Amino acid sequence: MGEQEGRIPEDTIGADYERVISTYYGEDPVTAIINLKVDTKEVDRLATQVSDFACVEDVFLVTGETDIVVKAMFRDYRMLKDFVVNDLANLEGIKDTVTLMVVTTYKERGKMKEGPK
């Protein structure tokens with residue numbers, strides 16, 4: 001049996017993931033928390049550049065595995081994808097990104113959100 005038999009091609013996995021996420025979020029607004037690993041000497045410049053994007057609500061310089069944490073709001077999943085793939089990818093000094101899409105917000109800016117009834 002060949003090494004590749006029984007394995008799903010990576011491009012199929014990516015397409016399936018894209019289809020599932022697009023279906024789940026559809027045309028609904030998406031809030032994302034984006035963790036940026038950056039070149040340390042560029043952190044102030046990058047934090048300022050990221051802050052300039054209209055979709056970005058908050059930018060934090062943090063300690064630990066991540067250097068900058070960004071909270072951003074998007075009209076839909078496609079706009080989030082475009083922001084990460086095109087806008088962030090074009091900023092020199094970003095080494096890695098991890099994007100977390102918010103599923104449910106329980107408390108935001110000190111205010112409890114209404115739960116499901």
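User: What should I know about the model and its numbering?
Analyst: This is a predicted model in which local features need pLDDT of at least 70 and side-chain atom pairs count only at pLDDT 80 or more, while totals for chains, interfaces and linings use all residues. Residues are numbered from 1 along each chain as its sequence is written, and side-chain values use heavy atoms, leaving out hydrogens and water.

User: How many helices and strands are there?
Analyst: The chain has three helices and six strands. These are DSSP runs numbered from the N terminus: helices are H or I with at least four residues, strands are E with at least two.

User: Is Val50 buried or exposed?
Analyst: Val50 is buried, at a relative accessible area of 0%. Buried means under 20%, exposed over 50%, and partly exposed in between (1.4 Å probe, protein chains only).

User: Where does Val50 lie?
Analyst: Val50 is in helix H2, residues 43–51.

User: Switching topic, how many salt bridges does the structure hold?
Analyst: Seven. Each is a side-chain nitrogen of Lys or Arg within 4 Å of a carboxyl oxygen of Asp or Glu.

User: Which residue pairs with Asp67?
Analyst: Lys37, with the closest N and O atoms 3.9 Å apart. Asp67 lies in the loop between strands E2 and E3 and Lys37 in strand E1, so the pair ties together parts 30 residues apart in sequence.
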